[in-house]
Amino acid sequence: MASLVIVESPAKARTIERFLGKGYRVEASFGHVRDLPAARKELPERYRSEPWADLAVNVHKDFEPVYVVSAAKKKHIDTLKKALKGADELLLATDEDREGESISWHLLEVLRPKVPVKRIVFHEITREAIKEALANAREVDEHLVHAQEGRRVLDRLFGYRLSPVLWRKVQPGLSAGRVQSVAVRLIVEREEERRRFRSGEFWDMEALIGPEAGSAFKATLVSAGGKRLATGKDFDPATGKLTSDKVLLLTEETADRMLPRLEEALPWEVRRVEEKPASQRPAPPFITSTLQQEAWRKLRLPARRSMQIAQKLYEGVDLGGGERVGLITYMRTDSVTLSKKALGDAQDVIRETYGADYAGGPRQYRTKQRSAQEAHEAIRPTEIHRKPAQLRNYLAKDELALYELIWKRTVASQMPDAKLRRTSVEIIARSGEGKEAIFTAAGKRILFPGFLRAYVEGSDDPASELGDQETVLPDLREGQKIYAPGGSPDKEAMRLEKLEPKKHETQPPARYTEASLVKKLEEESIGRPSTYASIIGTIQDRGYVSVNKSGQLVPTFTAMVVTNLLREHFGEYVDIKFTARMEEELDQIAEGKRSWVEHLRSFYFGESGRPGLDALVEQKKDRIDFPRVPLGEDPESGELITVRVGKFGPYLVKGDNGSMGADVPADVAPADLDMEQVRRLFAQKEEGPRVLGEDPETGETVYALTGRFGDYVQLGEKPKDKKAPKPKRASLEKGMNVETVTLEEALRLLSLPRELGPHPDTGEPVRAAKGRYGPFVAHGKELRSLKEEDDIYTITLQRALELLAEPKQTRGRQQAAKTVLKELGKDKEDRTVQVLDGRYGPYVSDGKTNATLPKGTDPQAVTREEADELLEAKRKAGPSKRKAGGRRKPAK
């Protein structure tokens, strides 16, 4: 007989099994073993006629949830039951957070073991940690389970009651989520600020001063005539006007008049030189939220991807020779503390790597969160002595980069403060009339780099970027003169090398990035760090948010409309403070200080005269008007112009009762849609497409139009018969617009794809065309991107053949998406079946069909039979239905 140990994933199972040895059998649950069903039809027959069946929660019986085991999980449950028959003890070793506690409880409910049961937890997969966990086994914590189950039921009630309102009033397939909708609201309200923003213009002067131009420093004019110069903070963002009359607004005209007077005031004088010692402390070791933020800032890894990589590093990596090791501690944590062993190891590594001066003794940090409930230690390498360079042959590029980030942050957190010297200088220019103008300059010199030797915020290469941390001013003394060029025979004298006016404009508030959104969510206690990755992924998957080329999160008009509806009619439920209070109450449930049933009853049915969610939905669902986004008044008619969202996307409406107007192009951000664009869109809708002329080859008319996906040209009329072939179309290139594009330009765009001629080996045509990643040439399934010097419109057959003969160069992003993890052989149609590592995790593919691996599945453990089953299920399911109008499951 042996002890049965159950963990979530096969990868974690294989790593733990190494440390346990004989007498233990380790199996995986493959994540959650059961969950609330997605639809009424998945419920047991006896519940389907109940009024609460759509919720799968009996709201009239203490919110009793009805859990089901999915068909995909039954095979895993059978395996666990068989393993349990041969065991004399059950050890539940799921993750140490609330979700892990919940999985352990569900396993007990499903397996109904008759042998002793123990719960063991560890924050790192090492021999010592597992040995300690076995020695400190406990029972399943019911308070943690109730907190997690309360969260699951709470999210179900919110999503399944509010989402149908959105289906009726906005668009089928939309979803509301307790945390998701608040995250969307934050992004929408930032976009609304940008839309209201009006820019203000101000000028200042910049002086270049030094003994010689190469070593000169910059000084900026900050006051003149006893008045401080206006800066960006002095402007009202809603009007672009100054908010105070106590500052001097320098315009281009006044700056030009001031410049010669300042030059005439030379020599200037250094009035004040102040030096202050300063220190810069290292950041604490990573917690979940800060890891996600830095992984985005430095590595441009989305939160979801960074957590997938961290999960793999935690569960274990094969280091060769059968050695499988967990490389980092548990990655879902709110704690910044480090163990005594980690503190000691860090000092050893610091002495060895940077020298004794940098080993300042252990540093512990205090967790800021009131309830750091997820785990008991920060994210760190399990063995700090294991440097990133030692893992280059075992980790993929992104894995190594994230490990290195964690290693550097951990080591730097244990190093001394950086010692700095800050210098501030004030320079005065006096005119003949006695008026004064003041310039200031600031400098920073690093006296002792301390932790900066290991880790510099915002830099991937501390060694090369260390110099950028300094802004060194020359040695200056009070009373020292600043001369005009040639104004002093002393070569070391300070001279004004250059003086010029500088224009500035106030900027709208920056859109959120993944990093700044995670930071905001954490600051406002919205959700939990362990959920941030899924939240950000969900709002993108649902079509509420897109990511632009700068990595900013841009809300769609659908997000704007949905947020308007929820704010107006269900404002309390998407209020930041309300959501934070919900999290606090869930913490109280986890601590055993609050009943989870009472918490749910208050939320759903209300209390003390306050209606709950159920009553509010029933009261309002039939009274809600179709929501819209106001853009402003039409300058000509004075009518209000709004955006509504329909089955096919957003469109413009003029007036309160206006009919459907022009489509809003999908690539236009809400804050960037100005009245000039609106006027043009309405004009094109009313006047019809712009006629450019006739195609000399076909005699058909060429049009320029604007559609949902931007400006384009079209050859011929759109047929009335929907089954007839559509006319040829081509998107306008960057710099073109529908009002100025010419017939010649349109015909050139419509000439693609071009057939260049037959391939000499096969006789098949060689084509030149444009694709998602730019222009390319193609022969059959072989594609090659054009070089920078090639022109898609003039490339010859000979040049195309040269490109096709070159080895295929896979783009970095595609390469990352097609890293082969395991070869599974050929299928019956002679297609190669492989396990691949994709941007969103591992999947199996036969070259034609792709199927994502179930959560928790170890890619190396996938068999050919399992791959065939997944691929067959995917083929039967058909392509993913992501279009508007498709019914989607409400958000969790």
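**Note on charged side chains**

1. Lys722 sits in the loop that runs between strand 27 (710–715) and strand 28 (728–731); helices (H or I, at least four residues) and strands (E, at least two) are DSSP runs, numbered from the N terminus. The model is a predicted one, in which local features need pLDDT of at least 70 and side-chain atom pairs count only at pLDDT 80 or more, while totals for chains, interfaces and linings use all residues. Residues are numbered from 1 along each chain as its sequence is written, and side-chain values use heavy atoms, with hydrogens and water left out.

2. Is Lys722 buried or exposed? With a relative accessible area of 83%, Lys722 is exposed. Buried means under 20% relative accessible area, exposed means over 50%, and partly exposed is in between (1.4 Å probe, protein chains only).

3. Lys722 also belongs to a surface patch of positive charge, together with Lys647, Lys718, Lys726 and Arg729. Patches are made of residues with over 30% relative accessible area and no salt bridge, like charges being joined within 9 Å and nonpolar side chains (Val, Leu, Ile, Met, Phe, Trp, Tyr) within 5 Å. Lys and Arg count as positive, and the charge is placed at NZ of Lys or CZ of Arg.

4. Side chains of opposite charge can pair when their charged atoms come close. The whole structure holds 72 salt bridges, a salt bridge being a side-chain nitrogen of Lys or Arg within 4 Å of a carboxyl oxygen of Asp or Glu.

5. One of the salt bridges joins Arg567 and Glu189, at 3.1 Å from N to O. Arg567 lies in helix 15 (residues 557–569) and Glu189 in helix 6 (residues 180–196), so this pair ties together parts that are 378 residues apart in sequence. Arg567 is partly exposed at 24% relative accessible area, and Glu189 is partly exposed at 22%.

6. A salt bridge also links Arg190 to Glu193, with the closest N and O atoms 4.0 Å apart. These two residues are three apart in helix 6, so about one helical turn separates Arg190 from Glu193. Glu193 is partly exposed, at 34%.

7. Which residue forms a salt bridge with Glu585? The partner is Arg581, with the closest N and O atoms 3.8 Å apart. Glu585 and Arg581 are four residues apart in helix 16 (residues 576–590), which means about one helical turn between them. Glu585 counts as buried at 13% relative accessibility, whereas Arg581 is partly exposed at 38%.

8. Elsewhere, salt bridges with shared partners connect Arg271, Arg272, Glu274, Lys276, Glu426, Arg430 and Glu436 into one network.

Conventions:
Areas by Shrake-Rupley, 256 points an atom, 1.4 Å probe, with all protein chains shown as cover.
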